[in-house]
Amino acid sequence: MRNYNLITPEGTKDLLLEECLVRRETEETIRSVFQSHGYDELITPGLEFFDVFQSDAVRYPQEQLYKLTDSKGRLLVLRPESTTPIARVVATRLREAMLPLRLCYMQSAYRFEPALKGRSDAFMQAGVELIGSNSYMADLEMASMAIVVLKECNETNFSLELGDAGIFKELMRELHASPNTKEEIRYLIETKNYSALNDLLDTLGDNHIIHALKKLPSLFGGEEVFDKMAQLYTTPHIQDMLQYLRKLYNEIAALIGRERVSVDLGIVNKADYYTGVIIKGYLEGYGDEVLSGGRYNKLLESFGYDVPAVGFAVNVDAVAKVAMKHNPRTKKPADAVIYAAPGYEQEAIKLAETKRQAGSVVEFALEETAEAALQYAKTRQIPKLYRVEEDVTEVTVL
C-alpha cells in the first residue's frame, strides 16, 4: 500500500516563509480596506451542513464539494465559499439587526477544481456583503470598493469587468427548453465554448432568442456592447438592465478610465444565486479573475428572510501570488542576537524581553561559544550581538 505521508493532497500546497509573509501582508491590506468602509468581520464554521448549499437559490454540484459525516451520520461539507453561510447567519442570528448590514470575512474555502485549471482546492477568501439595500448606490459602493482593493494590491496593473446575470436569466426564461438543457447552455456560456454552444442551440430551432444566446459569449468590450445587445434581442426588462449597467459602467469609467473597465454580457457565474450586476476584477500576471461578486437578491429568501444583498469575494492566494511575482520578499533579519554564557541564561532572557518590549526582534544564540554566536550573527546578517556574562557586552556585527 502506498504511503502519502510526505506530500499534500492534490489541489493543495504548503506556504513557506516568504509566501506566508506576502499572504499576511495581502490579508491585512484587504482587511484594512473593508474596515475603512465600515464593514464588521464575521467568521462562519469551516463545516456546514450539505443542505446549506442545496436550495432553490444555490445548488452546488456534489462533485465540487468536500463531503464528510458527523457523529449522527448527517452529511457535512467543507465550506466551498462564504456568501451562502453568511446569508444563513443573517437570516437566523442577525435577523433582528438594523439594515443595512455591512459584513466582511477572511476565511478559507474548499472545493474541487478542474485538474488542468491550475487552481487550488483550498484557498483563502476575503469578501464583503452589503445586506438590506437594493439601491444603485449599494451596487456602486461594491464596484468602487472593488477598485480600491485592486488598487491597494496592485496600483497600476488592474482592471474591472461588469456584467448582469439578469440578462442571461431573462433569455433562459423566454427559451423553451428543459432544465438540464438550460444548465448545459449556462455551462457552455460560462466556459465560452462557442462550437459546443452553437451545436446545442442548433437543436433547439432558429429564432431571435437562439441567435442572441449564440452571440452572448462574444458580447464583451466597451460601451458599444450595450447597443449590440439591444439590436440582437430586447424586452422591457432587458432594456432596463442594459440602461442600469451602462450607467454603472460610465460611473466606473469616470473613476478609473475606460481602458481599465470592460463589459461582458456573457458573464455567467458558477454560483447561480446572482440576480443582477456582476463584478469581476483582474490583476496583470494572473490568468483568471482574482475578485468576483455581484447582486444576489434571492439568496437570503431561501433561508426565510427576503432581503436584497450585494457583495464580492477576493481570492487572497491569487493576489498574493501576483504580489510575490512582482515584488519578491525576503525575511528581515533579527535586530539582535543574545549569547548567554553558562549560568547566565536567566539574565539573557530578561535582557531579551527588555529589547523586545522596546520593539526589537531578538533571537537567542544556541551556539556553545561566543565566537560561534558571532559567526552565526554574521551569517544571518544580524547587526548586533549581546554577550551576557558577568557583564553585558554589545558587539556591532555589521
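Here are legends for a few close-up views of the model above.

This is a predicted model, so local features need pLDDT of at least 70 and side-chain atom pairs count only at pLDDT 80 or more, while totals for chains, interfaces and linings use all residues. Residues are numbered from 1 along each chain as its sequence is written, and side-chain values use heavy atoms, with hydrogens and water left out.

**View 1. Helix α6 meets helix α7.** Two packed helices are described by the angle between their axes and the distance between the axes. Here the axes of α6 (residues 194-202) and α7 (residues 208-215) come within 10 Å and cross at roughly 170°. That makes α6 roughly antiparallel to α7 (angles over 145 degrees count as roughly antiparallel). Axes are lines fitted to C-alpha atoms, for helices over the stretch in contact, and angles run from 0 to 180 degrees between N-to-C directions. Helices are DSSP runs of H or I with at least four residues, and strands are runs of E with at least two, numbered from the N terminus. On the α6 side, L197, N198, L201 and D202 make the contact; on the α7 side, look for I210, L213 and K214 (contact means heavy atoms within 4.5 Å).

**View 2. The largest nonpolar core.** A nonpolar core is a set of buried Ala, Val, Leu, Ile, Met, Phe, Trp, Tyr and Cys residues joined through side-chain atoms within 4.5 Å; buried means under 20% relative accessible area (1.4 Å probe, protein chains only). This core has 71 residues, and F34, L213, L216, I252, L265 and F312 touch the most other members. Helix α3 (residues 136-153) gives the largest share, 11 residues.

**View 3. Around F34.** Leaving aside neighbours within four places in sequence, F34 is in contact with Y39, C104, Y105, A126, G127, V128, M145, V149 and F312.

**View 4. The open sheet.** Nine strands line up as β1-β5-β6-β12-β11-β10-β7-β9-β8, with mixed pairing (two strands pair if DSSP finds at least two bridges between them). β1 (40-41) and β8 (220-221) stand at the edges with a single partner strand each, so one side of each is left without a neighbour in the sheet.

**View 5. Strand β10 and its partners.** Six of the seven residues in β10 (residues 277-283) are buried. Seven bridges tie β10 to β7, and the two run antiparallel; L160 has G281 as its bridge partner. Four bridges join β10 to β11 (residues 291-295), again antiparallel, and K280 stands opposite S292.

Note on methods: Angles under 35 degrees count as roughly parallel, over 145 as roughly antiparallel, 65 to 115 as roughly perpendicular and the rest as oblique. Buried means under 20% relative accessible area, exposed over 50%, partly exposed in between (1.4 Å probe, protein chains only).
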